[in-house]
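Please work through the exercises below with the sequence and the model at hand. Each task is followed by a solution in steps.

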Amino acid sequence: MSKYNPLWNWIKENDTDSFKLTYAKIEKIVGLPIDHSFFKYKKELFQYGYKVRKISMKEHKMELEKVVE
């Protein structure tokens, strides 16, 4: 079980084609601060039907989009 499961479940339940999340919102959903390991865990997102489209370190946000099969 990943420490980011609450985030993946939140994203899956959101069921939007694409959206943006700030790091602050991610931390609020997960309940802990984001660290560099987050970028390794993002590959788990694909199992929930989404992928990371863009990560902005400068703006502290990431864009997600639904995987089209």
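The model is predicted: local features need pLDDT of at least 70, side-chain atom pairs count only at pLDDT 80 or more, and totals for chains, interfaces and linings use all residues. Residues are numbered from 1 along each chain as its sequence is written, and side-chain values use heavy atoms, with hydrogens and water left out.

**Exercise 1.** Determine which residues of helix α2 are buried.

*Solution.* Helices (H or I, at least four residues) and strands (E, at least two) are DSSP runs, numbered from the N terminus. Buried means under 20% relative accessible area, exposed over 50%, partly exposed in between (1.4 Å probe, protein chains only). Within α2 (residues 23–30), Tyr23, Ile26, Ile29 and Val30 are buried. Because these residues cover an arc of only 120° around the axis (taken from the directions from the axis to the C-beta atoms), they lie on the same side of α2. Ala24 and Lys28, on the other side of α2, are exposed.

**Exercise 2.** State the strand order of the sheet.

*Solution.* Two strands pair if DSSP finds at least two bridges between them. The open sheet of three strands has the order β1-β3-β2, with antiparallel pairing. β1 and β2 stand at the edges with a single partner strand each, so one side of each has no neighbour in the sheet. Five bridges join β1 and β3.

**Exercise 3.** Decide whether glutamate 63 is buried or exposed.

*Solution.* Glutamate 63 belongs to strand β3. Its relative accessibility is 15%, so glutamate 63 counts as buried. Contact means heavy atoms within 4.5 Å; not counting residues up to four places away in sequence, glutamate 63 touches Phe19, Lys20, Lys51, Val52, Arg53 and Lys54.
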